[in-house]
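Subject: The structure I promised you

Hi,

Have a look at it first, and then read on for what I found.

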Amino acid sequence: MRTIATPLFAGDLHHTALRLAQAQPSGASADATAAWRHMLELGWQGVLVDEESGGAGAELADFAAIVEALATRALSVPIIERCAVAPALLGACDGAVARALLERVARGDASVAPVLHTAPQHPAAQPPTVRGDRLSGTVAAVDWTVPATHVVFDALENTSDAPLLVLLDVAELSSHLRCYVGIDGRTSADIEVAELRVDAPQLLLRGAPAARAIARAQQLGSMLGCVATVGACGAMIEQTVEHLSTRVQFGSPLATFQALRHRVVDMYVAYESARGLVRDQVLAHAHAPDPRQVALTRFYVQGVGRSLADATIQLHGGMGMSQETLAARLAMHALMSALRYGDRSDCLEWLVSGVVEEVAAA
Amino acid sequence: MDLSALQAIAPDAATPVDYDAFRGELVDYMQAHCPSAIREIVRTNQKLGRREWSEWQRILNTRGWGAPNWPREYGGTGWDLRQRYIFEEVSAQLDCPPLYHHGIGHIGPVIMHFGTPEQKARFLPRILDGSDWWCQGYSEPEAGSDLASLKTRAVADGDDYVINGQKMWTSHAQEADLMYTLVRTSAEGRKQAGITLLVVPLATPGIEVRPIPTIDGWHHVNEVFLNDVRVPVANRIGEEGGGWTCAKFLLDRERLSPATVPRLARQLEQVEEMLRARLRDEGASPSLHGMLERLFLAQASARGAREMLLSAIQEEMVGTLRSAKSSALKLHCSELAQDISTLAFDACAARYAPRLRPVVPAADGADERDPQRQLVHTYLFFRSRTIAGGTSEVQKNVIARELFEA
């Protein structure tokens, strides 16, 4: 296989993640649990956690290197959710419960599945509500692909509509689950609760600090989703070049047909453009997160991911439709990465509303 | 184009037809006789299987409408083209299943054209009443767009052919009785010359059918392995070595299906209903405006496709249809189908892409009946529209060759 894609952030973490991903059994029905256990052993849940909480305190670019490498094999694991978004939410909380849990997360002793219902750039679903010490509603689309110990999610305080960050132990939830398999093979669960008792320590954060934590976690997930899309796109180009170079039809390799070559060139140009944008934004995001730049990046990269997914399927012919083909799984990975943490519609709505507000204020 | 233009070139026109009355008769019959459970499956974009298709085929055949595209001598309706188009429009509008393409649309006309009297008597009535179910064994691992490179071999042995090889992307093989298949009977001369069309009963010893899991999550394509499979020489359609002629005859028909455009129009109606409901529930927004813009373009494009189809049918009947036009129609309709399904996907994927398949489906079938979930399946399935039946790239080559005369 020719190497065409240049890693966003080459280095040891990228190589380690790549080796781990390549060692996993391939195929649509491959179980991700063993791979996930390996990731916990490698301490990846703690990569972005501060050293004082037991993590590595690494840069966002270091973690992006892992995300990109796993995406090149379309690995079905909630790496962004468990290793970036959940630690970001817990890290924004001051309480002892959150601090202790974050340390367990960094050690790999606990794993927290996050859900963001009310993020400004991705209002995903009606959040559950808390009245007194009772929680009711649906915690929507919790990633359930690999075992979690806790779920952290945003809810609304019934009396004030103020946002809350709520923590639940999964042992409290097993009888309320409805599980689904998504287009990329990952499992998600809708968790319905009615008048479930929540104690004060489970309410991790409330009001404006909670809203800020939710928004920042969403933007972090959004940026890393772009990284995953770029990783999948680079791999799709390599898979497509390999397929066209080896598949012989009409007496010649398909790669000799100019129309097909040009379509791959279009894929490559779009990929390089998205790659440059995402690399720049990951570096910028680590130091000074800019919500508008996150939304713009996501808006653009989602379009690139979609167009490369379509082209990859088409250029693989029937094989592009088979779940057994890595190219097809990469296409599904890119499509799904473009939907988590806000789709193009969400980005568009948020960007337009920002412009409208600016014009009105001018 | 006014549909009346098609009336003048009707194949079996005997007496003047009152087309409004004809449409009314179709509406009344389909409303009364197409089972509501089947219409619900079509309306909610679920995958159709043999059970639904064959039941509808049986019902239509009881009324004498089992084969709108067949001449009367073989049990067809003998309808003129305007009637056939009206039939497809009404069928799509009322969410009745399309006619099963492999039997009525594909192999039936091939048998009429190339088959022996015995083959016509044996196969055609059972296609008409839906008792035999067919699939097409064309593609192979190394022969997709380049179909003439197929390697599955059939060797004559007494009164039989003995077949060895592998077919791929064989849709409906898991529920079919018979497979019409192209095999290589000679390696001499041009590769197209050594191909023969055989009918293979799928219950024959030596056949194994394995499903191919596809991204849409539906089971429709398979690998078919043939290991020393014996079929009688009497199952050969046309001459030995004449399979390529049969295949071209069939592919030409495939590109000119009158059903395509009415089904696109119905999909557009469904997407419009969905967007209107969203507008009503959520109010106007930039993203909804963007989706409506795409809807309007698709509506105009579908109208253009309809005109293209009607004129192509007309030209086909008088023998002036150019390959460029039939390929352009296939290209246009398959890309338009993808555009429509992409628009539908964009409207409902945020909710349903992570929830494509419930791990424990609702016992009452509610998950399957959710049209928006099925639209995600459809979006993924429709990626094959520009691949199956001749890829868009192949269609473009056909068109370019004719436009440039080289």
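Let's begin in chain A, with two helices that pack against each other. Helix H6 (residues 207–246) and helix H9 (residues 326–337) of chain A meet at an angle of about 155°, and their axes are 9 Å apart. That angle makes H6(A) roughly antiparallel to H9(A), since anything over 145 degrees gets that label. Their crossing is left-handed.

Before going on, please keep in mind that this is a predicted model.

Who does the touching? On the H6(A) side you'll find A:Gly225, A:Ala228, A:Thr229, A:Ala232, A:Cys233, A:Ala235, A:Met236, A:Gln239, A:Thr240 and A:His243. H9(A) answers with A:Leu326, A:Ala327, A:Leu330, A:Ala331, A:His333, A:Ala334 and A:Ser337. Sorted by class, the residues of this contact are ten nonpolar, seven polar and no charged.

Helix H8 (residues 291–315) of chain A packs with H9(A) at an angle of about 160°, with the axes 9 Å apart. So H8(A) is roughly antiparallel to H9(A), and this crossing is left-handed. From H8(A), the contact uses A:Gly305, A:Arg306, A:Leu308, A:Ala309, A:Thr312 and A:Ile313. From H9(A), it uses A:Ala327, A:Ala328, A:Leu330, A:Ala331, A:Ala334, A:Leu335 and A:Ser337. The class count here is nine nonpolar, three polar and one charged.

Now for chain B as a whole. How many helices and strands does chain B have? There are twelve helices and nine strands. The radius of gyration of chain B is 22 Å, close to the 22 Å that the globule rule gives for 406 residues, so chain B is as compact as a globular protein of that length. If you follow its C-alpha trace along the principal axes, it spans about 75 × 55 × 50 Å. Of the 406 residues in chain B, 43% are buried. And if you take the contacts in chain B with a separation of 6 or more, 75% of them join residues 24 or more positions apart.

The two chains also touch each other. Chain B puts 31 residues into that contact and chain A puts in 30. On the chain B side, the elements giving two or more residues are helix H9 (286–317), helix H10 (323–352), strand S9 (357–358), helix H11 (371–381) and helix H12 (392–404). Which of them gives the most? That is H9(B), with three residues. By class, the side of chain B that touches chain A has 15 nonpolar, ten polar and six charged residues.

Finally, two spots in chain B for you to look up:

- B:Asp95 has a phi near 60°, which is a positive value in a residue other than glycine. You'll find B:Asp95 in the loop between helix H4 (81–93) and helix H5 (101–114) of chain B. It has 19 C-beta neighbours inside 10 Å, so B:Asp95 counts as partly exposed.
- B:His172 has a phi near 65°, again a positive value in a residue other than glycine. B:His172 sits in the loop between strand S3 (160–167) and strand S4 (178–184) of chain B. Is B:His172 buried or exposed? With 23 C-beta neighbours inside 10 Å, B:His172 counts as buried, because the cut-off for that is 20 or more.

Cheers

Methods. Residues numbered from 1 in each chain as written. Chains lettered and ligands numbered in written order. Predicted model: local features only at pLDDT ≥ 70, side-chain atom pairs only at ≥ 80, totals over all residues. Axes fitted to C-alpha atoms, helices over the stretch in contact; angles between N-to-C directions. Helix = DSSP H or I, 4+ residues; strand = E, 2+ residues; numbered from the N terminus. Parallel < 35°, antiparallel > 145°, perpendicular 65-115°, else oblique. Left-handed = near helix turned anticlockwise from the far one by under 90°. Contact = placed C-beta atoms within 7 Å. Nonpolar A, V, L, I, M, F, W, Y, C, P; charged D, E, K, R; others polar. Rg over C-alpha atoms; globule rule 2.2 N^0.38 Å. Buried ≥ 20, exposed ≤ 12 C-beta atoms within 10 Å, placed from the backbone.
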